[in-house]
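This briefing goes through the sheets, helices and loops of one protein model. Please keep the sequence and the structure in view while reading.

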Amino acid sequence: MSAPARAPVVCGAIGSFDPERMRRLAGLLGDAPRTVHEDDSSILMLDREPIEWNGRRQRGLGWIEGEIWRARPDVVDWRGAARCGATGLVLEGRRRFLHSAVNGLAPLYWIEDRGTTYFSSRIDPLVRSSPDLLSIDWDAWAAIIALRYPLGDRTPFAEVRRLPPFSTLRRRLGAARPRAHTSPWEQIEPGAGLAGAADAAVEGLREALSPIGRSVICPLSGGRDSRMLFSALAAEGRVERAVTVSDDEGETIEEDLAAAVAAAFGVTHERLSGSPASYPQDWHERAMRVEYQFVDHAWLVPVARRVEGLRTPVPDGFAIDVFVQSERHFNPPGALEHRRREGASLTLFEALRRYGLAHRALADDLHDPVVSRAREQFLAATRRFRGHPSQNLLSTYATRSVRGVATYPTGLLGREARVLTPGASDAVVSAALSATQLEKDGGALYRAIFERLDPMAGRLPSTTDTPRSGPRLERRWRSQPALDAHRRLLAEGPLAEHLSPQLRAWLAAPDGVELSGDLRLGMEAVSLLHAWWRRYRDCLREVDASELSG
């Protein structure tokens with residue numbers, strides 16, 4: 001069974017599982033996973049051949065997301081498999097347990113029921129195969145509204161959890177016992193210097209890209225992350241064409257900058273966009289593919305449609321920005337002072353909210369509860385990194401990256417394409433963490449990597465150094481079909497009676513008035529919640545918005 005051209009589709013159980021429920025769970029995934037392991041206390045079903053490794057005390061069956069598996073004889077336990085990017089089921093004598101990869105990229109969701117832990121790579125089948133009604137997780141939704149994504153192990157459903165990076169899930173004393181272990185990335189102390197870090201990062205990138213082959217369709221934005229992967233592939237003649245999608249912000253800066261890069265390598269450049277009429281459908285498709293866990297508009301959907309079914313893997317620049325460290329909002333003043341510990345975490349929390357204060361789209365009485373609940377969860381999710389020299393980068397990755405941005409390569413793009421993310425491989429991350437944050441400040445590591453990959457590509461203008469002109473073109477997200485769809489979504493749902501007067505006024509008469517970033521994200525967040533509620537209301541217990549402020 002060869003690996004399909006998409007992200008892994010997985011389900012299974014540990015404990016005394018119900019065979020009929022497993023058949024239903026697998027059927028709901030819709031991608032024909034088959035049983036690759038079954039015994040009295042566990043079952044694993046995959047849509048591809050499992051990754052197998054053997055040690056003296058443990059053996060494993062797993063899968064990999066965002067990378068190409070390379071068999072290594074030194075993988076003799078789950079920790080070694082996880083560091084190579086695998087997630088899987090471990091057989092240790094009579095014991096059975098699950099583990100996640102060091103990068104946490106492969107989503108592994110689980111639900112506890114009747115003495116068994118059922119798990120899946122997607123939330124929806126766990127919900128629809130449950131014999132019981134489930135509950136809304138208002139803590140998760142507070143974080144989704146305040147930060148755009150849930151935190152820790154939470155999902156929109158209180159009973160469904162996600163296994164964090166480099167963690168195990170065992171059954172003990174009749175219950176599921178998740179445990180987050182100290183990862184290899186947390187053990188890295190910077191000391192290689194900028195040159196050493198750049199050398200190792202380039203070697204890691206080239207190794208990760210080596211299995212892709214030729215005739216690559218390469219997504220290329222105006223930024224530097226996708227350009228880094230594009231230049232490494234294009235310099236060897238492996239790119240068939242570059243594709244850039246409009247970011248729907250009223251200008252063509254992304255397409256124009258990407259076109260110049262493609263032209264410099266002699267690669268055909270393709271500009272993608274969608275129609276206003278298709279926007280509501282695109283919006284719902286995006287929401288469904290990210291399983292209602294990441295607030296955004298539908299700008300990236302045309303890329304997802306463009307790469308569907310491609311047999312050649314699609315490269316994605318996920319995580320490069322965090323660890324190579326170009327953006328100041330990952331390193332705000334105060335967050336670099338890791339010895340301040342909790343104070344640095346609070347500084348980072350506020351910095352990560354710079355894309356908008358979405359809670360302002362709600363009535364005043366919900367502002368403090370939403371933000372405080374999100375803040376408490378953020379501090380809990382990042383507590384393990386306090387005092388580490390790379391505290392802010394590890395914290396950003398564990399929250400914004402894994403729980404938010406990762407839904408694009410694994411869900412939106414990965415649902416129908418094989419997406420590779422070299423920036424989240426162990427070799428590249430370890431290399432980037434080996435330089436101090438001060439050494440990387442101001443994009444120094446970016447420049448050093450480009451000098452080794454392709455100096456010309458690194459010197460071409462990017463969104464980092466090119467100012468935006470502001471909206472001057474029509475935007476799909478505020479077209480009439482889009483606004484009509486948002487009005488319908490906002491009018492019916494748990495928070496319909498809790499919208500701010502400012503958002504209500506704009507929705508009533510938006511012509512010629514620019515919507516603030518705060519209210520725009522708030523509109524997207526509440527619409528996402530209401531779309532989720534409408535899709536699952538028959539699977540939910542009563543949803544009471546007053547609990548959000550409780």
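This is a predicted model: local features need pLDDT of at least 70, side-chain atom pairs count only at pLDDT 80 or more; totals for chains, interfaces and linings use all residues.

A residue counts as buried when its relative accessible area is under 20%. By that cut-off, the buried residues of helix H17 are Ala 444, Leu 445, Tyr 446, Ala 448, Ile 449, Phe 450 and Leu 453.

**The antiparallel sheet**

- An open sheet is built from 6 strands in the order E2-E3-E1-E9-E8-E10, and its pairing is antiparallel.
- From one strand to the next, the twist averages 20 degrees.
- Within this sheet, strand E8 (residues 109-113) and strand E9 (residues 116-120) run antiparallel and are joined by 5 bridges.
- Across that pair, Trp 110 stands opposite Phe 119 in E9.
- Helix H1 (residues 19-29) packs on the sheet, where it touches strand E1 (10-15), strand E3 (42-46), E8 and E9.
- The direction of H1 makes about 160 degrees with that of E1.

**The parallel sheet**

- A further open sheet has 3 strands in the order E13-E14-E15, with parallel pairing.
- Its edge strands are E13 and strand E15 (268-272), each of which pairs on one side only.
- The twist in this sheet averages 25 degrees from one strand to the next.
- Strand E13 (residues 216-219) pairs with strand E14 (residues 239-245) in the parallel sense, over 4 bridges.
- In that pair, Cys 218 stands opposite Ala 242 in E14.
- E14 is also joined to E15, by 5 bridges, and the two run parallel.
- Here Val 243 stands opposite Glu 270 in E15.
- E13 is covered on both faces: Val 216 and Cys 218 are buried on one side, and Ile 217 and Pro 219 are buried on the other.

**Helices on the parallel sheet**

- H6 lies across E13 and E14, and runs at about 165 degrees to E14.
- H7 packs on the sheet and touches E14 and E15, its direction making about 165 degrees with that of E15.

**The pair H6 and H17**

- Helix H6 (residues 225-234) packs with helix H17 (residues 444-453) at an angle of about 15 degrees, and their axes are 10 Å apart.
- Angles under 35 degrees count as roughly parallel, and H6 and H17 are therefore roughly parallel to each other.
- Their crossing is left-handed.
- H6 contributes Asp 225, Arg 227, Met 228, Ser 231 and Ala 232 to the contact, while H17 contributes Tyr 446, Ile 449, Phe 450 and Leu 453.
- Sorted by class, the contact of H6 with H17 holds 6 nonpolar, 1 polar and 2 charged residues.

**Enclosed helices**

- H17 is largely enclosed by the rest of the structure, because 7 of its 10 residues are buried.
- The partners of the buried residues of H17 are H5, H6, H10, H15, H16 and helix H18 (455-459).
- Helix H15 (residues 426-433) is mostly covered, with 7 of its 8 residues buried.
- Those buried residues of H15 are Asp 426, Val 428, Val 429, Ser 430, Ala 431, Ala 432 and Leu 433.
- The cover over the buried residues of H15 includes helix H2 (78-83), helix H5 (193-209), helix H10 (320-324), helix H13 (391-405), helix H16 (437-440) and H17.

**Loop residues with positive phi**

- Ser 215 has a phi near 60 degrees, which is a positive value in a residue other than glycine.
- Ser 215 sits in the loop between H5 and E13, and is partly exposed at a relative accessible area of 43%.
- Asp 248, also not a glycine, has a positive phi of about 60 degrees.
- Asp 248 sits in the loop between E14 and helix H7 (253-264).
- With a relative accessible area of 7%, Asp 248 is buried.

Methods:
Residues are numbered from 1 along each chain as its sequence is written. Side-chain values use heavy atoms; hydrogens and water are left out. Two strands pair if DSSP finds at least two bridges between them. Axes are lines fitted to C-alpha atoms, for helices over the stretch in contact, and angles run from 0 to 180 degrees between N-to-C directions. Contact means heavy atoms within 4.5 Å. Angles under 35 degrees count as roughly parallel, over 145 as roughly antiparallel, 65 to 115 as roughly perpendicular and the rest as oblique. A crossing is left-handed if the near helix is turned anticlockwise from the far one by less than a right angle, and right-handed if clockwise. Ala, Val, Leu, Ile, Met, Phe, Trp, Tyr, Cys and Pro count as nonpolar, Asp, Glu, Lys and Arg as charged, and the others, Gly among them, as polar. Buried means under 20% relative accessible area, exposed over 50%, partly exposed in between (1.4 Å probe, protein chains only).
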